[in-house]
Amino acid sequence: MDVLAGSIDVRDLLSAPDLDDPSTPLSAPDLRLLIDRLHLRSVHIQRAALQYALSHRRDLAAALSRSSRAAASSASAASALSAALSALSSHPPLDAEIRSLARDILSAREELAERREALGVVAAVSALHARLRAAREGIRAGRVVEAAEAVRDLKCCLSSVCEEGGGSGGSEGEPAVFGFLRKEWTDCFDELQAVLVKIVDNSVKFEPEKGRVIVSSKLAGGEGIGVELDVALRAMEIVDVLDYGMAKIADLMIKHVMVPAISNSSVVVSVEVLNQEAVEKPEAILNVVPSLESQDYQDGSALYSRLIEIIKFICKFICLENRSFVHCFGKLTWSRISNLIITHFLSKAVPDVASKLIDFEDIIRCTIEFETKLKDMIFISTDAKEEKLSQFVHDVEVHFASRKRSEILAKARNILVQYDYPDRPVSSAVGYSSEYVADLLFQPEKCYISKSATQLMKLVHETLKDACLSSTRVAKEFYHAARDALLLYKAIVPVKLGKQLDSVSQVAINVYNDFLYLSQEILGLAFEYRADFPSGLQKDAVFVDMGPTFYQIAEDILEKQIQLVISSLKEAIDSADGFENTHQSQQYEAAKFSVEQVIFILEKVHIMWEPYMPALTYKRSMRITLDYVFSRITKDMLLLDDMAAEETLQLQRLIHLMLENLSSLFESFIAKVDGKDKVLNHMLWAQLDEMLPSLRKFRKLADLFDMPLKSITEAWESGELIHCGFTSNEVVNFIKAVFTDSPLRKECLWRIGSSSAST
């Protein structure tokens, strides 16, 4: 059949050389030639196919026979299928029965699987219950280590069984048997724990009245259970209750052994081994008894030696030199032991003065050696957090400074709570002399301050001097203590003396002086001490922020005092009823009483202020007060209209009354300014007029009451009245009130009006 293989290329049947190009068209001869050759080729193929069929006749016959049989089998299967379908269609319920049967078979298989699974769970539960029962029997028989291992393993097994059985640790809907198993395991665990704790308690007995701890490692437990201490501790470790089992022993050891051993310096510690032959499990007694000889801790070596002996006893006879037991006991007790050492020894050993800090080096060395020994014994870990004592002693400077800071603030608070100021300073030939008369740093004046302010500032200076002699860390504490002491004054005094500050009082002036004095002292602190501070503090030390606050408080206090005085003066002047109708006896007496009240208030203020205030402050405060008085009385008198001749005389008499009675105040006012005592004369009145323009106007008003009309007009035209502070309206109203209408009054009023217009 090779002749049939491949494809026939038409161009191979042509011999023309120009047929290589596919686009070349064929000629008629070529087409006839091609037809002939194709015919010959077809005949050849037919002969070859016939020859092939003849040579493979048997194979072809066998293939045809198999095809015939396959066709017959397919026809038979189709007939059988048709018959089956026909039978099914004639009986409709049969398919439903088949489906039902299949479902029953599937359900039976699932039920069988569930029962097999349930049987497995029941078998597991039964096995667990048997193991739990065996563990409890082991506890009662004294096999606590095996029982502990069983309890530990059963916990894991119980969890896995509950998960397989559909339980979830006590969830709703779980089989009751799982809850029963958990309860059984819990009861078994509690029973084991109680037995182990009882064994430990029986092995370590405390006799606080005798100062003894007795440890017995022999069989112990009672109730037919004989278990050694180390076995009980191993069992506790297996079930992870070692902390719980040792907690009571640790608490009692702290209470009956560590507390007396640390807090009482006259204590002797000794260890007595009862059975020397039993090397592995001896019995021992720890004695902690008072001694007749008191020992001074000094560098702490005696205390630390005593504690090392106690801890060695614990490690050897209670923890049986087991590293896990020792570490657990240390974890339960070290925090309290270290706190006791700090409270009863280290904190008390912190020096009171900076010069003794060098003596603390021996305590630092002994403390570090003590903690190193405890690390070697595995009583504490190598973690830096466990080095509480070393951290404390290394920070001794901070503790020293912290204690000093607390002491400084306590002293400052006591000074301020007991706020005190002496009586009026004693007058001398050169002024007032007193230890509480202080110089103001930035003013060429003195002021009288309270005893409390003097003591407080002395304390601040002492604190800052100590800061200059200390290390940076200590100096910072001193610096903050000084600042806080000053701030305490601002916080305590205004609140404590609030009632006095709300009234006109000498105490208020003292507080004003204190704040003024402190504000200037605060500003000078940095200049005085900054250069001597440790380098680490020089840039951080700041006081200038506090000075303005204190100064503002002082000014607020002074302003309030002035306003309270002015309020009293206003009330007194108001009682004069505008000085009207003073020609009437009753009205004159009322006006006179009002003036006398004003004089009394001013004299009282003069007596209260003059000895205590700085000179410039006194001058400023009194000027404000007097200016109000003179301005107010002058204004009221100038507002009067239609005054009788007798009325003007009475008003003039009231003005002279006030001026005469205030002469001592004026003299002290001038003396305060010039620093010399002087008697009032014409020149001094001129000085007072310059300082108090309202006084000049007040005095001139007294002159106007008995001046003739022409003189008043000439005084206005000459500018004298203007110089005294009068206005044209005031002069015109005064003339109209005092003088009756006349051609002369009209002329004078016209002259005053013209003069005012020209100016």
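A nonpolar core is a set of buried Ala, Val, Leu, Ile, Met, Phe, Trp, Tyr and Cys residues joined through side-chain atoms within 4.5 Å; buried means under 20% relative accessible area, with a 1.4 Å probe and protein chains only. The model is predicted: local features need pLDDT of at least 70, side-chain atom pairs count only at pLDDT 80 or more, and totals for chains, interfaces and linings use all residues. Residues are numbered from 1 along each chain as its sequence is written, and side-chain values use heavy atoms, without hydrogens and water.

**Exercise 1.** Find which residues touch the most other members of the largest nonpolar core.

*Solution.* Step one: the core holds 207 residues. Step two: Ile341 and Phe579 touch the most other members. Step three: helix H16 (residues 506–529) gives the most to this core, 13 residues. Step four: list contacts (heavy atoms within 4.5 Å). Beyond four places in sequence, Ile341 contacts residues including Ile262, Leu303 and Phe370.

**Exercise 2.** Work out the strand order of the open sheet and its edges.

*Solution.* Strands are DSSP E runs of at least two residues, and helices are H or I runs of at least four. Two strands pair if DSSP finds at least two bridges between them. The order of the 4 strands is E1-E2-E6-E5, antiparallel. E1 (204–207) and E5 (267–273) each have a single partner strand, so one side of each lacks a neighbour in the sheet. E5 pairs with E6 (residues 284–290) over 7 bridges. Serine 270 bridges to asparagine 287 in E6.

**Exercise 3.** Classify the crossing of H19 and H21.

*Solution.* Axes are lines fitted to C-alpha atoms, for helices over the stretch in contact; angles run from 0 to 180 degrees between N-to-C directions. The axes of H19 (residues 585–609) and H21 (residues 645–661) come within 10 Å and cross at roughly 20 degrees. Angles under 35 degrees count as roughly parallel, so H19 and H21 are roughly parallel.

Note on methods. Buried means under 20% relative accessible area, exposed over 50%, partly exposed in between (1.4 Å probe, protein chains only). Angles under 35 degrees count as roughly parallel, over 145 as roughly antiparallel, 65 to 115 as roughly perpendicular and the rest as oblique.
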